[in-house]
Amino acid sequence: MTKTPDEAGLPGVPGRRMAHQSTTIGNRALHPSTLMMGYGYDPVLSEGSLKAPIFLTSTFVFESAAHGKRFFEGITGVRPGGAEGLVYSRFNGPDQEILEDRLALWDGAEDALVFSSGMSAIATLFLALVQPGDVIVHSAPLYAATETLIGRILGKFGVTWMDFPAGASRAEIEAVMAAAKAKGRVAAVYLESPANPTNALVDIEAVRAARDAVLASGDHVPPIAIDNTFLGPLWQRPLDHGADLVVYSLTKYVGGHSDLVAGAVLGTKAAINPIRSMRNTIGTITDPHTAWLILRSLETLELRMSRAGENAAKVCAMLRDHPKVERVGYLGFLEAGSRQADIYARHCSGGGSTFSLYLKGGEAEAFRFLDNLKLVKLAVSLGGTESLASHPAGMTHLSVPAARKQELGITDNLVRISIGVEHPDDLLADFEQALAAV
Ligand SMILES: *Cc1c(COP(=O)(O)O)cnc(C)c1O
């Protein structure tokens, strides 16, 4: 959050930060879905333009040399918390800052950073936190590129990892943390929930309790970061359950139209500061045009995700009872009384719109189903306005060893589906006719 540099006795900078839209009416706190239309932007500063312009500039003019110096104190971390004014487009920009302010509202985060992709967000987070000899503790499985980053890339620099299965109990997580601590300094605890592609949920509260019991005694308390791409920001708010940092691929539900690639990290100011410094150094910030597209996307985020969630519930109810279907792996169908159902009840407010469909048969049946879909497109990715279907064993997880695939339930009869915002009856008709052709 940028402030006017009044503490230094400098005249206020005429920046958009001086005229934030209020987040309340009287005593009433406004909802994020309402605030997405105007929060963080003052039309007066842009010729009265209702919408924020796209600021295509590489650098920003300082009002005085003292202002420039002051802003650079924020950029370099001499003053933590970020620059108090706009400096240079590798560090900050109006579109990116408005986007960060609006994103932070959904998760109730103190601070936020946007990145050029989900993976550049995750890579910048780790580069900021690790040093040689460190251990990363993480839940498993993780998004394939995240596993590659931790195992193969950070591994080259002397960083190791230890993992626990997504559904692990507090005692199991504590045992892994204690073993990791015996190996080296634990740099971070990294989670993904629900995990891709199993949809297994991580008990964030148990991870927090375990971290506080096992890893919080020294002067370095490893932050808990969680990839919330599949359910966030609408259906899961990890900061409320003890996480310090939330990670997004904004490419998915937040961007939501399958027309951009971007990422974000949100959290406490203390946890965000070192990540901002790393982003300033290496330039993994998103560009103004992409930031602007995501501002547009955020105006309909709740509408899109709600509709997609409702559609998915209808589609899954039909699929579950279909004679050609073996099983549907959907968060709305967790077995009552199970540990996963308990985590879901404490952490989630909806089942999302991405799920696994196991057909009776094998690859031939799965391919016939996919090739016969007329409306639903055959593509990887998720969270867009259009419904997509893919075959993990033959596509996203092709390079995963057979034994590991078996363990993760990535069988040849598995089809991964992301439901969009089409009319539900049309989706049902498409799935019915594709199943009839299997
Ligand atoms: C897509 C995805 C990522 C990577 O994001 P990009 O925007 O493609 O870099 C990370 N985590 C999860 C869970 C994802 O689905």
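Leaving aside neighbours within four places in sequence, which residues is F62 in contact with? The list is G68, F71, F72, L86 and V87, where contact means heavy atoms within 4.5 Å. Keep in mind that this is a predicted model, where local features need pLDDT of at least 70, side-chain atom pairs count only at pLDDT 80 or more, and totals for chains, interfaces and linings use all residues. Residues are numbered from 1 along each chain as its sequence is written, and side-chain values use heavy atoms, with hydrogens and water left out.

Back to F62, then. You'll find F62 in the loop between α1 (32-35) and α2 (65-76); helices (H or I, at least four residues) and strands (E, at least two) are DSSP runs, numbered from the N terminus. F62 has 31% relative accessibility, so it counts as partly exposed. On that scale, buried is under 20% relative accessible area, exposed is over 50%, and partly exposed is in between (1.4 Å probe, protein chains only). Pick N199, 137 residues away along the chain, and its C-alpha atom is separated from that of F62 by 49 Å.

Now hop over to strand β4 (residues 135-140), which holds S139. With 0% relative accessibility, S139 counts as buried. Its side chain reaches the backbone nitrogen of E192 at 3.1 Å. Not counting residues up to four places away in sequence, S139 also touches F164, A166, Y190, L191 and V202, among others.

Next up is the ligand. It has 13 residues around it, the closest being M119, D227, S249, T251 and K252; a residue makes this list if one of its heavy atoms lies within 4 Å. That shell divides into five nonpolar, five polar and three charged residues. Look at the oxygen side of things: a backbone N or O atom of G118 sits 2.9 Å from a ligand oxygen atom, and one of M119 sits 2.8 Å from a ligand oxygen atom. For nitrogen, a polar side-chain atom of D227 lies 2.6 Å from a ligand nitrogen atom. Taken alone, the ligand exposes 380 Å², and the protein buries 92% of that (areas from the Shrake-Rupley method with a 1.4 Å probe).

Last stop: helix α10 (residues 301-320). At 1.5 Å a residue, its 20 residues should span 28 Å, and the end C-alpha atoms are 28 Å apart, which agrees; the expected span is 1.5 Å times one less than the number of residues. Buried residues of α10 include L301, R304, M305 and N311. The buried residues of α10 pack against α3 (94-107), α9 (288-299), β10 (325-329), β11 (354-359) and α14 (424-436).

Definitions and conventions: Polar contact = N/O pair within 3.5 Å; in protein donor to acceptor, adjacent residues only side chain to side chain. Nonpolar A, V, L, I, M, F, W, Y, C, P; charged D, E, K, R; others polar.
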